Structure formats: structure tokens, C-alpha cells
Amino acid sequence: MFKKLFDLYGEQRHLLYKATLLRILELAFFGSGLAFIYLTIRNLLAGTLSQQLALFYVAGFLLCLTTAYILNNICKSRYHAKTSFIMAKERIKLADHIKTLPMGFFNKESAGDLNNTLTESVRSLEGLPYLFDKIMALLALGIFLPLFALLDWRMTIAMLLGLPLAFYVLLRGGDTAEGELLKRQNIQGRVSEAAVEFIGGIKEVKAFGKSATSLKKYQQAIADFKAQNLKLEKTFILKLLTYQLAVNMGLIPVVILGAYLLILINGGLSLALYVLFLIVTLKLCVSLQELGGSMLAIKMANAGLTKVNNIYKNKPQPETVEERKIERYDIEFKNVSFAYEDELVLKNISFYVPENTTIALIGPSGSGKTTITNLIARFWDIGQGEIKIGGINIKDVKVEELLSHISMVFQDVYLFGDTILNNIKMAKQEATQEEVIAAAKKANCHEFIMQLPDKYETVVGEGGGKLSAGEKQRISLARAFLKDAPIILLDEATANVDPENELMIQPAINALVKDRTVIIIAHKLSTIKAAHQILVLEQGQIVQRGTHAELGKTAGGIYNDYMIGRQKASGWMITN
């Protein structure tokens, strides 16, 4: 655990070293204070304690105790206070690492579990330096053992007799306990995931009258979390009580041996030395009791460290060190194959999109359309083949440079719980208010924004929940206009909007894609007809390609069936 802790502190690990040194000094001054007590009792019994000497001993005792108190507070204020800043940086560092991971990582990990790791697991680490201090303070007592042995080796051995039993009880079943605590962390992630899912789908829950059944997943996660917590509490309480008994039994050898040496063996041990060993043993017992009481927190923090380190074990997406710049915007797929884990999604596909032309992707669900757009943006890395933009393999370009040339507009738009202004400025953080407004006007959303109470300062709620699907889509288009990227990836941007919003969105899309390289996943015949090239996909392969006119001449096939179906659908109407 200590290695994990030092690794976590990284360049700030010197704080732990300094805190440990201060703890040793604090104990040294505390021990010196005990020495003054010993000298006072010894001189008192010998009848040699003068008033002047007594005042000296009292002053020395108070000075040592005050110095120990000051060192303790310096340790807490100067080093422990920095722990909160270190943990804040750790959260940012962990989030930065997550940001570099390929999208496949997010397919394996639930949002709730990741949220739990970023919050609860990291929070459990904040108490580690305090717990570390307790352990270090206990270990520091070992530094003074030679001194106690010089005073009386028999009493020193008696003082340590209870330690093996106490530590055996404390450390027994450690691996099992850590496994159970990791299980608790995972269940807590399930609770978070179920809560987010329930709240996110509350409209559907109400619409379909499933208020009772929809809570089952959340209730089950809560029940499992409760059961796991009770199991841990019962296990640790029993262990703690046994441990406390073992610690207290460690005082018995000191009392018995000291009494024997003091009373039965005449002069075998002085009363002053007996009192000193009793005080030191009581201090040792208190430290051990505190350590035992903190053991659950230590184990929970160690489980938190394991969760955090498990994320760090995931390797970031490979990033080139070259500073190559994209200067042309034609796109080429060359013998590309790609699999989500073991499921092959794209099978040796090749196509070329000339600069400033539009290509439409059509095909049944699961045919690989969205995967193609995700691969262009390098959300995943391909297993075989090459993807080139401007003749450069996208793996040879920094991700930041690559994405600076791409704007993406999806069916499902996610807005952050921030203002409309800041949501649009995600595309260009340094944009002025005037630039944002100009982009909003091009996206046909300026008018509805100005009708809102706080206009561009309106907070849209988590996920943009205060806006309609069409309004969110127009905000998304405003982002794309503001970014002004030469490559546009569109995933059926009008699929989830009502006809009124579609009338506002379609002209904006037409303006957005003008004189740009565009790849569009489309289902509307009007959109497909305008494309310079159409790719028809089925089961991860390109089965047809050409213009609308060329494909329309081919009898049978997916495109012909698709076109006939769309033409029939355009004539549908609702009748009485």
C-alpha cells in the first residue's frame, strides 16, 4: 500500500517524507517529556528533589510537550492540508488519462462505475496521509527501543510481548477483506449507474406508467450495497474487538513483570522506571488502538487505490510525436478492417472522398456506417489497413491536430449543464460573443435563444434537458459553424427532430456543408440524391457504390429496394 501511496503522490512525495520526519521529532520530544517525569519521580523518591530542580523538570516537561504539540500542528497544517490539493489534481490527472483512452474502454466500463471511481474512490484516499501518520508514528517508536532496552531489557521485552498476537489478529484475512471492499466499490458503482439511468429516463418511466418496476434495478443495487456494508461492518467489528482485547492483554506482562521486579526482587526495578514503562506501554496501546480503529478506512483507501490504478493500467491511444499538419481534406480508406473486441464490424473496405465533395453512407442498422465516421475522428484505431486525410495516415497526426479539422453533428446531441453561450463555445473557447451569435444565426437558433429569459446565459440543464431535441440540434449546428472545420461528419442530424425544427435545420445543414468534405449517414432520399457519391453497406462491406443516377439504373440490390421503399413512404397519409 505504501508503494501505491508514494506513486500517487508522485513529485509531491517529499511531503510524506517531511511529515514522517516531523512525526519522529514529535515523538522524540514527547519521549523527552517522559524522561523529565522519570527524573522527577526518581529524585523525589531519593529525597534529592529541590525546588529549583523541580521547576527545571517542570519547565523541561512543558517545553517538550509544547514543542511536540507545535510539530504535530505543523504536520497537519503544512502537509496534510495540501492533501486536498493533491487529490484535486489527482482527479484532474485521472480525468485527463480517461480522456486519452480509446472509446473501447468506455464500452467496457459503465458511466456510473467511472463516476464512482472519480468521486468516492479518490475521496477515500484523502484520509490516507492521516492514517499513514499513525502507522509511521507507531514504527517510529521502534527507533527508541534501544534506549528502553538500555534502561531495562526485561521490561522492554515484556512491553513488546503483546504485539505479535495483536498484529496477527489485525492482519489475518487481509486479502479477503480487500476483496470484499473492492466488491463494495463495484456495487457502489452499480448504485450510481442505476440512479443515473433512472433519473435520465424519468420521462419514459412516467410516460409508460412504470414508476414501480423502473426502480427495481436501483432498489436491488441499494439492497446489495446495504448487505455488503453490513457484512463488512460485522466482519470488521468482530476483528476490531478481538484486536482491542489482544492489545489490552499486552499491558498485563508489563504490570506483572514490573510488580515482580519491584516488590519481590529487592531493587530489581526502581519505582520511577516502573512508572515510565507503564506510561510508555499505555501510549503504545493507545497508538495501537487508534491504528486498529483506522484499519477499515485504510483498507477502503487501499481498495480505492486499486480502482484508480486499474484505470491507469489502460493504455492511452497511441499518439505520434511528429508535428505533421493536414493541408488537404480528401479522405481515403484503404483495406480497412475493424472489430469491436471480437466482433468484426468492417471487413476490408476501401473508398476515396475527394476534397470538397459529399459522400452518403446508407445501409441497415449495424452495417458499419457510424463506425466509419468514428474511425475518421480516431475514436478507435483500426486493426488493419490505413485511413488517410490529405494523403497522411491519421495515426501519423496528433489527435488534437486531426480533430481541429473535423466537425461532427450526431443524432443524439449532448449539452453540458452550462449556459448556451458556453455550450456553443466548446467548439472554439477563445470565440467572442459576436462570433458565437454569428454562428447561432447561421444555425437558425439565434431567434429562439433571444426569446429565453436569460438569452445566451440560459443554463440548459444536464444533457440539455431544458431544450427540445430540435433546439439542441440547432445548438450543435452552431458549434459546427463556430468551429468552421473543412471536414463535416453528419449522422442523420434531422432524424430525431419534429417537422418544424427540420425546416430550420435543413437549410442550416445545407449552408454548413457547402464547399467542404462531407461524410453523411443519411436516410432521406433528398439528402442522398445530392451526394457526389453513395456507399451502400451491408454487414461491414461496401456492396454498392456510385451516384444516385448510377445506382438507380441497377435492378435489384439494397439501394434499389431502399429507393422504392422511400418513394412509397413519401406518399403515405393519415386518413379517417
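User: Which residues form the nonpolar patch on the surface?

Analyst: This is a predicted model, to be clear. The patch is formed by Leu165, Tyr168, Leu245, Met249, Ile252, Val255 and Ile256, and together they have about 670 Å² of accessible area.

User: Which helices each supply at least two residues of that patch?

Analyst: Helix H9 (163–171), helix H12 (216–249) and helix H13 (251–264). The largest share is from H13, with 3 residues.

User: Take Ile252, then. Where is its place, and why does it count as partly exposed?

Analyst: Ile252 is in helix H13. Its relative accessibility is 45%, so it counts as partly exposed; that class sits between the 20% cut-off for buried and the 50% one for exposed.

User: Switching topic: what's the strand order in the open sheet of 6 strands?

Analyst: The order is S6-S7-S8-S3-S9-S10, and the pairing is mixed. Strand S6 (406–409) and strand S10 (541–546) are the edge strands, each pairing on one side only. From one strand to the next, the twist averages 15°.

User: How do S3 and S8 run, parallel or antiparallel?

Analyst: Parallel: strand S3 (residues 358–362) and strand S8 (residues 517–521) are joined by 4 bridges. Ala360 stands opposite Ile520 in S8. In general, strands of a sheet pair through backbone hydrogen bonds, whichever of the two directions they take.

User: Which strands does helix H16 lie across?

Analyst: Helix H16 (residues 369–376) lies across S3, S6, strand S7 (487–491), S8 and strand S9 (533–538). Relative to S8, H16 runs at about 150°.

User: How many helices and strands does the secondary structure come to?

Analyst: 25 helices and 10 strands.

User: One more residue: Glu26. Is that buried or exposed, and why?

Analyst: Glu26 counts as buried, because its relative accessibility is 17% and the cut-off is under 20%. Glu26 lies in helix H2 (residues 14–46).

User: What does Glu26 touch, leaving out residues up to four places away in sequence?

Analyst: Ala68, Leu71 and Asn72.

User: And across the protein, what share of contacts between residues at least 6 apart join residues at least 24 apart in sequence?

Analyst: For those contacts, 77%.

Key: Residues numbered from 1 in each chain as written. Predicted model: local features only at pLDDT ≥ 70, side-chain atom pairs only at ≥ 80, totals over all residues. Heavy atoms only, no water. Buried < 20%, exposed > 50% of the residue type's maximum accessible area, 1.4 Å probe, protein only. Contact = heavy atoms within 4.5 Å. Patch = residues over 30% accessible without salt bridge, like charges linked within 9 Å, V, L, I, M, F, W, Y side chains within 5 Å. Areas by Shrake-Rupley, 256 points an atom, 1.4 Å probe, with all protein chains shown as cover. Salt bridge = Lys/Arg side-chain N within 4 Å of Asp/Glu carboxyl O. Pairing = 2+ DSSP bridges. Axes fitted to C-alpha atoms, helices over the stretch in contact; angles between N-to-C directions.
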